[in-house]
Amino acid sequence: MAKAAVFLDRDDTLIENIPYLGDPSQVRLLPGAAEACQRLRQAGFPLLVVSNQSGVGRGLISKDQVRAVDQKMEILLGGSGTITRYYHCYAAPGDPYDERRKPSPAMLQEGARDFGLDLARCVLVGNRLSDIQAGIRAGCSSVLLDLHVPPQEKSGAVREASFVAKDWTSAADWILRKTKT
Ligand SMILES: [Mg+2]
């Protein structure tokens, strides 16, 4: 049977969103994120980060800075190796190369190719409507982590999500319950 994986949005899902963050010393995990990631890893899920980082395309931060922030986050999440792979779209909206930006399912499809995943058994966790839509378009289940959902996107995201989690514990509980069956 093809594998399942969990796709994770980064900003305002795993870490506090600071727009165009390039300084690893400012990385702050959201409550419960580390424990949830450890539970999902122990259950055998690859954890694949899928993140729009348009600050690179806008010339505000470098790819190396994005990588430094990712590495700091991963240490806080439980150590190197907690995240299996990172997929970033660096393009700014409207760039000729922005077609991989969420809500495009492109980064999830790349993960499926790289790891031989059955997308129907995969789950995406995110905080924005574009995350939920990327998951749906890829054929995954989508969990809306209701910690920092932009108010103007909330009703649409709640309507389209497979599950709305009030916190990380509830998101991990749902994923582990769902994938058991
Ligand atoms: Mg986000």
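This is a predicted model: local features need pLDDT of at least 70, side-chain atom pairs count only at pLDDT 80 or more; totals for chains, interfaces and linings use all residues.
Me: Where is Tyr90 found, and why does Tyr90 count as buried?
Reply: Tyr90 is found in the loop between strand 3 (85-89) and helix 4 (106-115). A residue is buried if 20 or more other C-beta atoms lie within 10 Å of its own, exposed if 12 or fewer, and partly exposed in between, with C-beta atoms placed from the backbone. Tyr90 has 21 C-beta neighbours inside 10 Å and therefore counts as buried. The C-alpha atoms of Tyr90 and Gln53 are separated by 4.8 Å, although these residues are 37 residues apart along the chain.

Me: What makes a stretch of chain a helix or a strand, and how many of each are there in the protein?
Reply: Helices (H or I, at least four residues) and strands (E, at least two) are DSSP runs, numbered from the N terminus. The protein has seven helices and six strands. Their order from the N terminus is β-α-β-α-α-β-α-β-α-β-α-β-α.

Me: Why does the radius of gyration of the protein agree with that of a compact globule?
Reply: The radius is taken over C-alpha atoms, and the globule rule is 2.2 Å times the number of residues to the power 0.38. For 181 residues a compact globule would have a radius near 16 Å, and the protein has 15 Å, so the two agree. Along the principal axes, the C-alpha atoms fill a box of roughly 45 × 35 × 30 Å. Of the contacts with a separation of 6 or more, 65% are between residues 24 or more positions apart.

Me: What makes a set of residues a nonpolar core, and which members of the largest one touch the most others?
Reply: The members are buried Ala, Val, Leu, Ile, Met, Phe, Trp, Tyr and Cys residues joined through C-beta atoms within 7 Å. The largest core holds 54 residues, of which Val6, Phe7, Leu108, Cys122, Val143 and Ala171 touch the most other members. Beyond four places in sequence, Cys122 is in contact with residues including Ala4, Val6, Leu117 and Cys140.

Me: Why are the buried residues of helix 1 said to line one face?
Reply: In helix 1 (residues 33-42), the residues Ala33, Ala36, Cys37 and Leu40 are buried. Seen down the helix axis, these residues fall within an arc of 100°, so they line one face; the arc is that of the directions from the axis to the C-beta atoms. Their cover includes strand 1 (6-8), strand 2 (47-52), helix 3 (63-77) and helix 7 (168-180).

Me: What makes two strands a pair, and in what order do the strands of the sheet stand?
Reply: Two strands pair if DSSP finds at least two bridges between them. Six strands form an open sheet in the order 3-2-1-4-5-6, with parallel pairing. Strand 3 and strand 6 (163-165) are the edge strands, each pairing on one side only. Strand 2 and strand 3 are joined by five bridges, and Val49 has Tyr86 in strand 3 as its bridge partner. Helix 4 packs on the sheet, touching strand 1, strand 2, strand 3 and strand 4 (123-126), and its direction makes about 150° with that of strand 3. Such angles run from 0 to 180 degrees between N-to-C directions, along axes fitted to C-alpha atoms, for helices over the stretch in contact.

Me: Which bridges join strand 4 to its partners, and which way do its residues point?
Reply: Three bridges join strand 1 to strand 4, where Val6 stands opposite Val123. Four bridges join strand 4 to strand 5 (residues 141-145), where Leu124 stands opposite Ser142. Val123 and Val125 point one way, and Leu124 and Gly126 the other way; all are buried.

Me: Why does Asp12 count as partly exposed, and what is its phi?
Reply: Asp12 has 19 C-beta neighbours inside 10 Å and therefore counts as partly exposed. Its phi is positive, about 65°, although Asp12 is not a glycine. Most residues other than glycine have a negative phi, and most peptide bonds are trans. A cis peptide bond, with omega about 20°, joins Lys102 and Pro103.

How values were computed: Residues are numbered from 1 along each chain as its sequence is written. Two residues are in contact if their C-beta atoms, placed from the backbone, lie within 7 Å.
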